[in-house]
Amino acid sequence: MIVVTGATGTIGRALVAELGGAARAVVRRAEQGEELADKLGCDYVVGDLERPESIPLEPGDRLFLNSSQWPGFARAHKAVIDRAAAADVAQVVTVSVLGVTSGSLLGFGMHGQVDEHLRASGVPWAILAPVGFMQNLAGDVDEEGRIVGAYGRGGVGYIDARDIAAVAAALLTRPVGPGATYDLTGPAAPTHDEIAAELTRALGRAVRYVDLTVQEAAVHLEQRGMPAPAARDLAELMAQIGDGRWAGTTTTVADILGRKPRSLREFLG
Ligand SMILES: NC(=O)c1ccc[n+]([C@@H]2O[C@H](COP(=O)([O-])OP(=O)(O)OC[C@H]3O[C@@H](n4cnc5c(N)ncnc54)[C@H](OP(=O)(O)O)[C@@H]3O)[C@@H](O)[C@H]2O)c1
C-alpha cells in the first residue's frame, strides 16, 4: 500500500489522483477521506502527524510524508520517520525545499532538520526538493495588483506542484532506488517582472512587481500582520531566493517523467 499524508493538500490530492486505488490517504477528518475516496477511488484512514501512532504503517508499505508546516512540524515528521523505520516500511518520500539546511531561516530550517533525520534513519528514502510553487503566484497579487517582494531581478524556476506529485507517483511505484535528493524546478526561471507580465495576460488585469529592500519588505509584511521576527526572516529569505540560488533549472522532472515540466504559461492557461 502507498500511504499518502497531506492527501487533501495541493501535492497530496494530485498524487492520490495519480495513484487511485493504490493509495491510502491519511486525512484529519473522515469527511475529507470520504470525499477523496468518492472522487479519486482511494482508500483512506483518519490520522494526524501530531500522533505518529495514528499513521497506519505495515512492513513493505511506501510512505509519502508531506504536510504544511506548524511549530511542531520537525518533531512530528521525525517521529513518523522513526515509526516508518521501525515498521520496516519499504520507502519514505518527502517534500523539502531546494538547497535547505537545518540552519536555514524559518520553515526552510525545519525542512533541513527533517531531511538530515531521514537520511540517517536507515529507511530507504527519497527527498523531493522543489523551488516555489506556481500555485502560489496568483495569491501573491494584492488588491492593488502588486506583487511585493525583495527578490530583486533574480529569476526563480517556479514549478507546477502537479509535476511534483507526478514525480512522487513515479518514485513510489517503481522499484525503490538508492537514497537520493531530487532538485525540482519548472522549465524556465522568470524574474518577478516577467511573472507579473504573465499574470497580467492570464488574469486580464494589470499586475506589477514592486521590489523592496529587505528592511522595507520586513516593514511591509509587519504592516500586513506578520510578527516582526518572522517578517524580518521572510524578507531576508526573499532576498536570498532572489540572489540567484533558485535561478537555475534542472532536468529532473523530464528525466523521471519523460516529458517537460509545465511552463508558467501552460499553468496559467
Ligand atoms: N508552497 C511552496 O511554494 C513550497 C515550495 C517548496 C516546498 N514547499 C513545501 O511543500 C509542503 C506543503 O505541500 P502542499 O502545498 O501540497 O500542502 P498544502 O496544500 O498546504 O496542504 C497541507 C496538507 O497538510 C495536511 N496537514 C497539516 N497538518 C497536518 C497534521 N498535523 N497531520 C496530518 N496532516 C496535516 C493538511 O491537512 P488538512 O486538510 O487537514 O489541513 C493538508 O493535507 C510544505 O512542506 C512546504 O514547505 C512548498
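How many aromatic pairs does the count come to under a rule in which the rings of Phe, Tyr and Trp (its six-membered ring) pair if their centres lie within 6.5 Å? The count comes to 3 aromatic pairs, and planes under 30 degrees apart are called stacked, those over 60 edge-to-face and the rest tilted.

Before selecting anything, keep in mind that this is a predicted model, in which local features need pLDDT of at least 70 and side-chain atom pairs count only at pLDDT 80 or more, while totals for chains, interfaces and linings use all residues. Residues are numbered from 1 along each chain as its sequence is written, and side-chain values use heavy atoms, with hydrogens and water left out.

**Aromatic pairs**

Select Trp70 and Phe73, which form an edge-to-face pair with 6.1 Å centre to centre and 80° between the planes. Trp70 is partly exposed at a relative accessible area of 24%, whereas Phe73 counts as buried at 1%; here buried means under 20% relative accessible area, exposed means over 50%, and partly exposed lies in between, with a 1.4 Å probe and protein chains only.

Helices (H or I, at least four residues) and strands (E, at least two) are DSSP runs, numbered from the N terminus.

**Helix α1**

Colour residues 10-19, helix α1, and pick out its buried residues, which are Ile11, Gly12, Ala14, Leu15, Val16 and Leu19. The elements that cover these buried residues include β1 (2-4), β2 (23-27), α2 (30-40), β4 (62-65), β5 (91-95) and α5 (161-173).

**The ligand**

Now display the ligand together with the 23 residues that surround it, of which the closest are Thr8, Ile11, Arg28, His111 and Asn136; a residue belongs here if one of its heavy atoms lies within 4 Å. The shell divides into 9 nonpolar, 12 polar and 2 charged residues.

A polar side-chain atom of Arg28 lies 2.8 Å from an oxygen atom of the ligand, a backbone N or O atom of Ser67 lies 3.1 Å from a ligand oxygen, and a backbone N or O atom of Gly6 lies 3.3 Å from one. The protein covers 80% of the 940 Å² of accessible area that the ligand has on its own.

**Ala150 and Asp211**

Finally, go to Ala150, in the loop between β7 (146-149) and α5, which is buried with a relative accessible area of 9%. Leaving out residues up to four places away in sequence, Ala150 touches Tyr209, Asp211, Leu212, Thr213, Val214, Ala217, Ala235, Met238 and Ala239, where contact means heavy atoms within 4.5 Å.

From there select Asp211, which is in strand β9 (residues 208-211) and is partly exposed at 31% relative accessibility. With neighbours within four places in sequence set aside, Asp211 is in contact with Gly149, Ala150, Tyr151, Gly152 and Arg153. The side chain of Asp211 reaches the backbone nitrogen of Gly152 at 2.8 Å and that of Tyr151 at 3.4 Å.

Technical notes:
A polar contact is a pair of N or O atoms within 3.5 Å; within protein, one must be able to donate a hydrogen and the other to accept it, and residues adjacent in sequence count only if both atoms are side-chain atoms. Accessible areas come from the Shrake-Rupley method with a 1.4 Å probe; for residues, only the protein chains shown count as cover. Ala, Val, Leu, Ile, Met, Phe, Trp, Tyr, Cys and Pro count as nonpolar, Asp, Glu, Lys and Arg as charged, and the others, Gly among them, as polar.
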